[in-house]
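Please read the following note alongside the structure, taking its points in order.

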Amino acid sequence: MGMKQNCYLLDTSVILDDPANILRIAQNNENAVVITNIVLAELNNKKDDMRGEAGFRAREFFRLADNSPGETIDFESLPECMRRCADTKQCAMDKYYRISIRFDPSLHVGAIEPINLYAIYRDEYRVSGSYYEVKGLNDAKIAEIVRDYGMTLLTNDISFKIAAEVQGLSAQSVRNASVEDPDRIDFAHLVRYDDTPKMPPEMQSVNFEQFTFVQEATSSTGERYESGIQRYALSYNNQLEWCDFDKRFGELFNENLIRPINLEQKFYYSILTHPQNYVTVVAGSTGSGKTLIALQAGLELYHEGIVEGIVYARNTVTSTDASSELGFRKGDEDQKLGYFMYPLYAAINFTIEHQAKYSIDARVEYTGNINSTKSENATVNFMAKHNIEVMDIAHMRGTTISRKFVIIDEAQNMTNATLKLIGTRMGEETRLVVMGDTRQIDHPFLSRRRNALVTLLQKAQNSDFVSGIQLRHTIRSEVANWFDCNL
């Protein structure tokens with residue numbers, strides 16, 4: 001390694017972003033990764049926060065450290081890049097500790113060998129005698145270590161980064177969990193062709209990307225125009241699978257199910273029912289049909305015997321109003337959970353109303369108020385007949401869900417840790433649909449750029465295992481569409 005080894009000191013914010021940042025920064029120990037006793041103290045203060053993302057990340061870091069061997073070391077055992085640049089006079093009284101953290105290779109790509117994390121302990125910081133503002137003192141202490149060892153500071157605190165750079169220190173940001181522009185993530189492609197529709201030769205697609213091929217022709221005057229012929233396809237193994245939507249959703253389509261009504265929904269339905277697709281992430285604006293179409297696809301798979309039932313789970317996060325959270329509502333657990341299942345119940349009631357037009361049995365089955373979103377007789381009977389159950393995400397821990405069609409709603413209000421909990425509960429032959437709207441964030445610790453939905457959307461761009469789709473058209477009403485586009 002020698003002169004090529006970089007030496008990074010991590011601020012607390014980098015670990016609270018994701019403890020796995022240690023693995024990514026270390027590059028299998030090609031770089032030296034360092035923290036201070038100040039960072040350890042701040043993490044320790046955060047770990048008792050049982051409700052926030054920061055508390056979870058702090059506890060996750062300490063779990064990693066607790067399961068890893070550690071030892072005190074002397075100055076000569078530090079990485080060469082630290083020893084080479086250190087001010088030996090200023091660092092003479094410092095103490096050192098090394099932890100060999102082993103990341104699970106099944107969860108973290110590149111986790112080949114234990115990662116050495118070095119901790120610097122300093123009892124007395126020089127800056128303490130001249131820094132008189134309580135806020136920012138810890139940052140000043142961390143910056144003192146950066147200067148004394150000639151390291152590069154990694155921080156996601158922009159004010160700290162600016163302050164460090166003003167002092168002539170090298171500082172960078174690490175935002176692993178942030179997706180800077182979620183709206184630009186797309187899986188749909190429009191391709192124009194003359195004679196034969198085909199995938200552009202330079203394009204490398206992942207599974208289940210959506211292609212619309214529009215034929216063009218040239219007039220006698222040399223003008224280009226659309227012939228009116230369009231063809232549709234999904235990519236699979238970097239090849240095209242042609243979609244005959246007229247046949248798929250034509251006369252042979254089950255009349256008890258609600259047909260997709262636009263191109264996006266047709267692609268969505270086809271992806272959900274594709275034999276080789278098991279994980280789908282969908283972002284959709286208000287009224288785009290996310291839940292309704294997912295329910296129809298689940299019903300088809302259930303009646304074909306491919307799955308044994310449908311599970312609907314939604315994060316019980318309210319609009320940052322603590323008094324309206326699940327635990328404060330009246331009723332037993334099922335009644336409390338029912339408040340959060342309106343999208344499912346509305347989709348079920350819409351399906352019942354549709355079925356009543358085609359089936360005598362549906363009219364007999366229906367005994368409630370179509371416009372109600374409560375669990376009245378119609379909804380209860382429908383859910384029992386089609387083996388549909390609702391579940392609180394918090395209760396998924398310790399369970400295994402096999403051969404089910406699982407719909408996870410409101411993923412934009414979930415942390416990556418929550419999504420990981422859900423994904424690891426999926427058993428054999430289960431199909432998982434993760435959906436949400438990146439513009440409707442209610443979680444106090446998340447944003448449009450940092451939540452489980454956009455994280456999975458980003459991963460689907462480069463993964464053949466996860467299919468992704470964006471539903472951008474609102475069909476609920478002109479009012480809903482205006483608010484979705486303008487606020």
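1. Of the chain's 487 residues, 51% count as buried, where buried means under 20% relative accessible area, exposed over 50% and partly exposed in between, with a 1.4 Å probe and protein chains only. This is a predicted model, in which local features need pLDDT of at least 70 and side-chain atom pairs count only at pLDDT 80 or more, while totals for chains, interfaces and linings use all residues. Residues are numbered from 1 along each chain as its sequence is written, and side-chain values use heavy atoms, with hydrogens and water left out.

2. The secondary structure comes to 17 helices and 17 strands, these being DSSP runs numbered from the N terminus (H or I, at least four residues, for helices; E, at least two, for strands). Among contacts with a separation of 6 or more, 68% join residues 24 or more positions apart, a contact being heavy atoms within 4.5 Å.

3. Asp49 is found in the loop between helix H3 (37-46) and helix H4 (53-66), and it counts as partly exposed because its relative accessible area is 31%. Leaving aside residues up to four places away in sequence, Asp49 touches Gly55, Phe56 and Arg59. Asp49 and Arg59 are 10 residues apart in sequence, and their C-alpha atoms are 9.2 Å apart in space.

4. Ile162 lies in helix H7 (residues 158-166) and, at 46% relative accessibility, is partly exposed.
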